[in-house]
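User: I would like to learn how to read a structure feature by feature. Can you take me through one?

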Amino acid sequence: MEGQDMELDLTGRLMADMDPQLLDFLQHKVNTFVKWDLVRFFHDNPHTTDTAENIARYAGRSVDTIRVELAELARAGLLEESRLGEMTVYSLTADAATRDLLARFVAASDDRQFRVKAIYHIIRGTR
Amino acid sequence: MERVKTGIPGLDEMLRGGFLPQTANLVEGAPGTGKTTLGMQFIYHGITACDEPGLILTFEEFPQQYYNDAANFGWDFRRLEREGKLRVMMTSPEVSRADLEQVGGRLERLVRQMGVKRVLVDSLSHFERLSEDPAEMRAIVYGFINGLKREGLTAVLTRENAALIGENDAADDSLGFLVDSYILLRYVEIESAIHKALLVLKMRGSDHDKGIRRFEITERGLEVRAPFEGQEGILSGSPRRMVDSFVQAFVRR
């Protein structure tokens, strides 16, 4: 089997046995490792409201990277972006269905096999 | 007058019954002295013994750390959060300050919805990065403390003191003027062993115990014990036996 065909076959197998909602979540919402870190952070700290600068500090990432990813997560409906005085702040969405999906994603990612598949999808999506 | 009890054995007696309602109470000490434990105990006691929901504003530690630390004392913070009696909120000084200045801000809504009466702010030291100008810094903290009082909260505010033992470092002591009570936790060395000492430095509008008391962190939390007796210079970190000082001063050799 050619290299490209092998990859398509592997992709097909990995996608076939993944929860379609979680697969969609990975493909369209949490499609980078930084976003993965960020949604995990907000899942663990669901009452946090903070600026990109402070979230970057907690996450140990550069603020320029974090700012872009936070804005994309807000557009995807996972976070809420709001103004507080002169600051732009982010917090986890209040939408119960989205929070539930995030909780399922975080619970699933505790499983090594799911993590391997998710990592594969993210790497594939970033190419 | 009505008091807000901390539930810490010995401390409420030192405070003549507890903190005064809707006051800001500073707890300062070196790392590991028990500032956060004192604050968590104040929050836990409020929820479980006084039916007063609590809020923990953390500027550094993740909520998980508080759940774990509290569990060591048998305090189930996760359950209290699920029951809507506690909220552990990780945020930053600038955001919480700006939020308190907003009408209908998140904190205001939370206080109203949960009926929050007590707050632990851990720690005030993080405000120090907002300004290097002591006057501006004082104004910032003053505004924050007033915001908490405006919400009707009784607050315990922790502050780090880098000096493990001996004299305080050169931290801005003007913060002491902004708060209603000021509790100092110190390490002291007595006969080659480290002990912990607690002192109520000030309590606005109330009498309080002026003694320097020994305290311990037990499996049930903080317990304040008897005053150090026969010792002087406790706050220096290396006290002397009073009888030795007497001999040194008055007995001819």
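Analyst: Start with where the chains meet. This is a predicted model, in which local features need pLDDT of at least 70, side-chain atom pairs count only at pLDDT 80 or more, and totals for chains, interfaces and linings use all residues. Residues are numbered from 1 along each chain as its sequence is written, with chains lettered from A and ligands numbered from 1 in the order in which they are written.

User: How many residues of chain A are in contact with chain B?

Analyst: Two residues are in contact if their C-beta atoms, placed from the backbone, lie within 7 Å. Here 12 residues of chain A are in contact with 13 residues of chain B. Strand 1 (49-51) and strand 3 (87-92) of chain A each supply at least two residues of the side that touches chain B. Strand 1 of chain A gives the most, with 3 residues. Strands (E, at least two residues) and helices (H or I, at least four) are DSSP runs, numbered from the N terminus.

User: What classes of residue make up the side of chain A that touches chain B?

Analyst: Ala, Val, Leu, Ile, Met, Phe, Trp, Tyr, Cys and Pro count as nonpolar, Asp, Glu, Lys and Arg as charged, and the others, Gly among them, as polar. That side of chain A has 3 nonpolar, 7 polar and 2 charged residues.

User: Which pattern does chain A follow along the sequence?

Analyst: Chain A has 7 helices and 3 strands. Their order is α-α-α-β-α-α-β-β-α-α. Chain B has 9 helices and 11 strands.

User: How do helix 4 and helix 5 of chain A pack?

Analyst: Two packed helices are described by the angle between their axes and the distance between the axes. Axes are lines fitted to C-alpha atoms, for helices over the stretch in contact, and angles run from 0 to 180 degrees between N-to-C directions. Helix 4 (residues 52-59) and helix 5 (residues 63-75) of chain A pack at about 110°, with axes 9 Å apart. That makes helix 4 of chain A roughly perpendicular to helix 5 of chain A (65 to 115 degrees).

User: Which residues of helix 4 meet helix 5 in chain A?

Analyst: A:Ala52, A:Glu53, A:Ile55, A:Ala56 and A:Ala59 in helix 4 meet A:Val63, A:Ile66, A:Arg67 and A:Leu70 in helix 5. The residues of this contact divide into 7 nonpolar, no polar and 2 charged.

User: In what order do the 9 strands of the open sheet in chain B lie?

Analyst: Two strands pair if DSSP finds at least two bridges between them. The order in chain B is 3-2-4-5-1-6-7-8-9, with mixed pairing. Strand 3 (86-90) and strand 9 of chain B stand at the edges, each with a single partner strand, so one side of each lacks a neighbour in the sheet. Neighbouring strands are turned by 25° against each other on average, direction ignored.

User: Where in chain B do strands run parallel, and where antiparallel?

Analyst: Strand 4 (residues 118-122) and strand 5 (residues 154-160) of chain B run parallel, joined by 4 bridges. B:Val121 stands opposite B:Leu157 in strand 5 of chain B. Strand 8 (residues 212-218) and strand 9 (residues 221-227) of chain B pair in the antiparallel sense over 5 bridges. These two strands of chain B form a hairpin with 2 residues between them. B:Gly221 in strand 9 of chain B is the bridge partner of B:Thr218.

Technical notes
Angles under 35 degrees count as roughly parallel, over 145 as roughly antiparallel, 65 to 115 as roughly perpendicular and the rest as oblique.
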